[in-house]
Protein chains: 2
Amino acid sequence: MKRRIAFSLAFVLFVLPLTAFAQKTQRVAFIIHGGAGVISRGSLSPEQETAYRRKLEEALLAGYKVLQEGKTSLDAVEIAIRMLEDSPLFNAGKGAVFTADGKNELDASIMDGKTLKAGAVAGLRRIKNPILLARKVMENSPHVMMTGDGAEKFAQTQGFAFVPPSYFWTKPRWDALQQIIREEAAKAKGKKIGEFRSPASQNERYGTVGAVALDKNGDLAAGTSTGGMTYKKFGRVGDAPIIGAGTYADNRTCGISATGWGEFFIRIGVARDISALVEYKGVPIQQAVDEVIQKKLQNLGGDGGVIALDKNGNIGISFNSEGMYRAYIDENGKPVVKIYKD
Amino acid sequence: MKRRIAFSLAFVLFVLPLTAFAQKTQRVAFIIHGGAGVISRGSLSPEQETAYRRKLEEALLAGYKVLQEGKTSLDAVEIAIRMLEDSPLFNAGKGAVFTADGKNELDASIMDGKTLKAGAVAGLRRIKNPILLARKVMENSPHVMMTGDGAEKFAQTQGFAFVPPSYFWTKPRWDALQQIIREEAAKAKGKKIGEFRSPASQNERYGTVGAVALDKNGDLAAGTSTGGMTYKKFGRVGDAPIIGAGTYADNRTCGISATGWGEFFIRIGVARDISALVEYKGVPIQQAVDEVIQKKLQNLGGDGGVIALDKNGNIGISFNSEGMYRAYIDENGKPVVKIYKD
């Protein structure tokens, strides 16, 4: 009897506090990306590189702060993506590239790993922050995906302020479009109507921003936002707004945001496949992302990369392009910003 | 030496012909669906039931014929879906339901299990057979998904004849929309602007057609086509044109076409998940479809069903709705048509 009391006492004194402590310190984790592509050393000026690194760190720390304050992984994903959308540096929001007819069409998606609820928007022309609208689709509608004018009508019901399409005009993106238009005109002879151009440089295909977060409740969330592809035609939709291709989150497995040649990411179902690998084969997250990017994507001829967090906050990063703008909080709580393969 | 000659002779006489025979008789397989939903016995008149059964059998046999003639699984999927699209009985093509503003917006997708190439279209208003355009996107463009006016511009470059939007007007679908509009008007008091109606009957959410085929070369293909949801708003896109949600095909695993409450199918990534279960856990196709439909979809609160074929032509069918229009060729080469749970 005495022994049982002693045991109970020991339990109350030592084990319970440990449990409470463990709950309090559920590790938060946060990772973001600003696109993958041909970013070799020397292709960025020192000033450009500094600008990218600063903006990535700023968005990373903003998201990390809300996680530390106990807010949700959805909040962290939203705030970081919104900051990247507001920067002209990245192909999303303000910095969106132009379509063939000189317009900007923006796509985004977000997913809540706790409920498997998701929201996605495609073909927006007057919404400053597509990620905010994707979240409203998820939270305030029974739908997952809305497109074009219809999605903007929904935005009106949600009290969104519209920006004029000219908000998205930036000189570098406009120059990039004009360059392609000149090249196309020069090549026009002998081309069939409706023929497709191959991207002049790989960089045109990429450019996406994304984030994955794990909050104090152990809930995962992931989001992705993009301005699409320069000289895009025919209402083309890439992987960013496709749940399971560019974005996926499931508390039981992991959260993923992708960036790359969208068509390949849709065909493989990259984000969904990584989650399935973790679910069905129990492989560590780094192995899962490498399996899909370095093997499946590589073998199919696609390129790009992903960022991921598993349910314990372990980080997975994989890309087969030359570089990927990325930033994360390391095990010591310090921000790490990387661009090249290093 | 004599022994070696005898062995070679035996090989040429017996083993080689067997191999050739095995190649010749690669089993073809074909399965189609015409939507899932509340189809209880007695809800269809005998005439209606006969009409559905006849059209399903007709489309099934048309696809099976081209497979027997040695044509591809893509051809079989296309021909069967085209026939279902041309019938007013199903919510796809001619029989498409109306959006809230009295229009028809059609979606479709197709995937080639050999190459993992895929094509998808959403929000079409003047294309008689969306499945044909989805195939052109796959075969004649570098893209996977095109939407709205842009997709129709691409159709022009492919020589598609356009139908006037009035082609899709059918009395039953129009009456269904008017019924909902009356209900909504009656309920309008006290509703917030932009609020969503819950589907008046489950049948409104469903209605999709699809097909999965395995051809003599051992190549799988899958396709899906839909008219969406009655009283649809905001450019909503369901699972039918989402590769990995409504449609997936991979020669190494299986082909799948889904029908049901699209939002749930996107959130789970139903088609991609079934393929992953076969790939990573090696479970039989029937077990894989049951796992995803009867457990994951059911637990999340969604409903609908899938048809599937594995790489050996084994059939998987699973639905948690009351019925699903479906037809397949059985092991003896005979057509089987079913509607209810039986």
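Author: A residue is called buried when its relative accessible area is under 20%, exposed when that area is over 50%, and partly exposed in between. The model is a predicted one, and the cut-offs just given are applied to it below.

By these limits A:Asp75 is partly exposed, because its relative accessibility is 24%. Its side chain meets that of A:Arg135 in a salt bridge, with N and O 2.9 Å apart, and this pair links distant parts of the chain, since A:Asp75 belongs to helix H3 (residues 73-86) of chain A and A:Arg135 to helix H4 (residues 130-140) of chain A, 60 residues apart. A:Arg135 has a relative accessible area of 11% and is therefore buried. A:Arg135 also forms a salt bridge with A:Glu139, again at 2.9 Å from N to O, but here both residues lie in helix H4 of chain A, four residues apart, or about one turn of the helix. A:Glu139, at 39%, is partly exposed.

Turning to the meeting of the chains, 44 residues of chain B are in contact with 45 residues of chain A. Together the two chains bury about 3800 Å², of which 65% is on carbon and sulfur atoms. Between them there are four salt bridges and 26 residue pairs in polar contact. On the side of chain B that touches chain A, the elements giving two or more residues include strand E3 (117-124), strand E7 (236-237) and helix H9 (285-300) of chain B, while H8(B) gives the most, with seven residues. That side of chain B divides into 23 nonpolar, 10 polar and 11 charged residues.

Among the salt bridges between the chains, B:Glu279 pairs with A:Lys296, the closest N and O atoms being 3.0 Å apart. The side chains of A:Glu279 and B:Lys296 likewise meet in a salt bridge, at 3.0 Å from N to O; A:Glu279 lies in helix H8 (residues 270-281) of chain A and B:Lys296 in helix H9 of chain B, so this pair joins two chains. A:Glu279 is partly exposed, with a relative accessible area of 25%, whereas B:Lys296, at 17%, counts as buried. Through shared partners, salt bridges join A:Asp250, A:Arg252, A:Arg272, A:Glu279, B:Asp273 and B:Lys296 into one network.

Within chain A, strand E5 (residues 209-214) and strand E6 (residues 220-226) pair in the antiparallel sense over six bridges, with A:Gly223 as the bridge partner of A:Ala211.

A:Met146 leads back to A:Ala120, which is 26 residues away in sequence and 6.4 Å away in space, C-alpha to C-alpha. A:Ala120 lies in strand E3 (residues 117-124) of chain A and is buried, because its relative accessible area is 0%. Beyond its neighbours within four places in sequence, A:Ala120 has contacts that include A:Ala108, A:Val137, A:Met146 and A:Pro241.

How values were computed: Residues numbered from 1 in each chain as written. Chains lettered and ligands numbered in written order. Predicted model: local features only at pLDDT ≥ 70, side-chain atom pairs only at ≥ 80, totals over all residues. Heavy atoms only, no water. Buried < 20%, exposed > 50% of the residue type's maximum accessible area, 1.4 Å probe, protein only. Contact = heavy atoms within 4.5 Å. Buried area = accessible area lost by both parts, 1.4 Å probe. Polar contact = N/O pair within 3.5 Å; in protein donor to acceptor, adjacent residues only side chain to side chain. Nonpolar A, V, L, I, M, F, W, Y, C, P; charged D, E, K, R; others polar. Pairing = 2+ DSSP bridges.
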